[in-house]
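Biologist: Could you take me through the salt bridges in this model, please? I would like a close look at which side chains pair up and where they sit.

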Amino acid sequence: MVAIHRAREMFIAVLFVLNCVLGTIRADIDPSAYGDHALAWRPVSSLPDELRDLGVRALIRDDAEATARASADFGNMSVDVGVPAAVLYPSCPDDIAALLHASSARPSPFPVSARGCGHSIRGQASAARGVVVDMPSLGRLAAGPATRLSVSVEGRYIDAGGEQLWVDVLNASLAHGLTPRSWTDYLHLTVGGTLSNAGISGQAFRHGPQISNVQELDVITGLGEKVTCSKEKNRDLFDAVLGGLGQFGVITRARIPLVPAPARARWVRLLYTDAAALTKDQERLIDIDVEIGTGAVSGLMDYVEGSVLADQGLAGSWRSSFFSEADAARVAALAKEAGGVLYCLEGALYYGGAAGSERDVDKKLDVLLRELRYERGFGFVQDVSYVGFLDRVRDGELKLRATGLWEVPHPWLNLFLPRSHVLDFAAGVFHGILRRGTTGASGPVLIYPMNRNRWDGEASVVFPEEEEVFYTVGILRSSVPASSDGGQLQRRLEEQNEEIMRFCEDAGMACVQYLPYYAGQSGWEKKHFGPNKWARFVERKRKYDPKAILSRGQRIFTSPLA
């Protein structure tokens, strides 16, 4: 009863602060601009003296519909994360700063989490009995929303609001013949969201993750301070926020460098029956630091990934649209012949526009098809637009939505694995653990290498640093809707994830989770960061969010630091 009473007190306190601090709506703001959210529009007559001049014009909702929506995420894992007391729909970064300042000033601060597209898996963007900040509102409600995406052709960069989607960053850049260099596989995520993790895809071997491709950030710390930071200015905060899991500040703007854009992509998929052959070829392709002339295929591809195809090959997968019906049947037969597991090297060569000519890409492709050790007769090539290639996952999303298979449980597991253990991992996991008892699960299993020297060790993100090459493994499986089997498949997939982690630990594999999840601080300290990186992480937390207001849903810090 005491706990319930305290929770209710916190809930009431949060609403009181919100109404006092952020409830004022300027007379020149049309409530209809808030769309569906206008139902909860309500002005409050006064602000505390220290905030009276901020001109805050934010919308706050505390109804069940708004708080439930803010508590949901892509994972659909039925994780008990608690319900926020309210949701803030900011019209400008000052609204967020005022909210964080108000929480920080309280003896008992309330939690605040920034929510972009809600693409977390286990409620990481939640704020139980606190406030969730609906970041997309910055783009919808800002005075002159177009200013949230601004390209400098002369400076070769784009300033993007933290709430902006990468697909919109791409389109705005291409309007000037330019493009960012590093991407995620799925572009319908926010800039601030991916930069708070790392942002990886098949370009990372050459350009590094997205956090290695940022020039400047605007950040609001847990103290409510608005800070512009870069490698030259406020460097520690800059490094802390990149890959910092939302622990040190809310990203409201990122300056992304741009390069001249290609026009098209030659999209390649090559099948292998052996993990050793696949990984050897992948590592040859990403070995871009070799001396000129010493590697026949080194650096020929602009994008290098890979995947595991188990049992049914490509049958029934939205990814099967890459193949003809006859080819899909051949692939299924090859998978059966290989014992149920195939490997696919996926790559792309850009051309046209600012890239090479079609003749150049044809020559490169001829070299690749001659030199790589894939199963002959199982090389597949498509020619697509540059935009079509980068935004390829969107087509799959729409197909899954149409069949009701998008908003289902996603018990995903993402790992970074040292190169020296990748074949042992493949034998134990791809040919062992994943083959057992998961009928009904679907979704890609990715595996591809990256070069460590393209990652910045000063950023907060954790990755294997012992070897020059490490692999990312993404076991991105979906379960059938829980209602159809009582959640049994989801539980089995989660148990398999735990089994995989135990397998790695027992085998002495120094792997770390990407997009990590741990149930409490001990797991973060001992299993994820290790003593040295944990000490740095805590030091930064103490400096930029000492009351642990931000992103408590990550379960790293759930109460103010001593």
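Modeller: Happy to! Let's begin with a pair inside the protein: arginine 122 and glutamate 494 are both buried. Please keep in mind that this is a predicted model. The side chains of these two residues, arginine 122 and glutamate 494, form a salt bridge, with an N to O distance of 3.1 Å. Because arginine 122 belongs to the loop between β3 (112-115) and β4 (131-134) while glutamate 494 sits in helix α16 (residues 488-506), the pair ties together parts 372 residues apart in sequence.

Next comes aspartate 159, whose closest approach to arginine 253 is 2.9 Å between N and O atoms, again a salt bridge. This pair also links distant parts of the chain, 94 residues apart: aspartate 159 is in strand β6 (residues 157-161) and arginine 253 in strand β10 (residues 249-257). Both aspartate 159 and arginine 253 are buried. They also belong to a network of salt bridges that includes Glu216, Asp218 and Arg255.

For another setting, turn to glutamate 468 and arginine 452, a salt bridge whose closest N and O atoms are 2.4 Å apart. Glutamate 468 and arginine 452 both lie in the loop between β17 (445-451) and β18 (469-475), so the pair ties together parts that are 16 residues apart in sequence. Here glutamate 468 is partly exposed, at 46% relative accessible area, and arginine 452 is partly exposed too, at 23%.

Key:
Residues numbered from 1 in each chain as written. Predicted model: local features only at pLDDT ≥ 70, side-chain atom pairs only at ≥ 80, totals over all residues. Heavy atoms only, no water. Salt bridge = Lys/Arg side-chain N within 4 Å of Asp/Glu carboxyl O. Helix = DSSP H or I, 4+ residues; strand = E, 2+ residues; numbered from the N terminus. Buried < 20%, exposed > 50% of the residue type's maximum accessible area, 1.4 Å probe, protein only.
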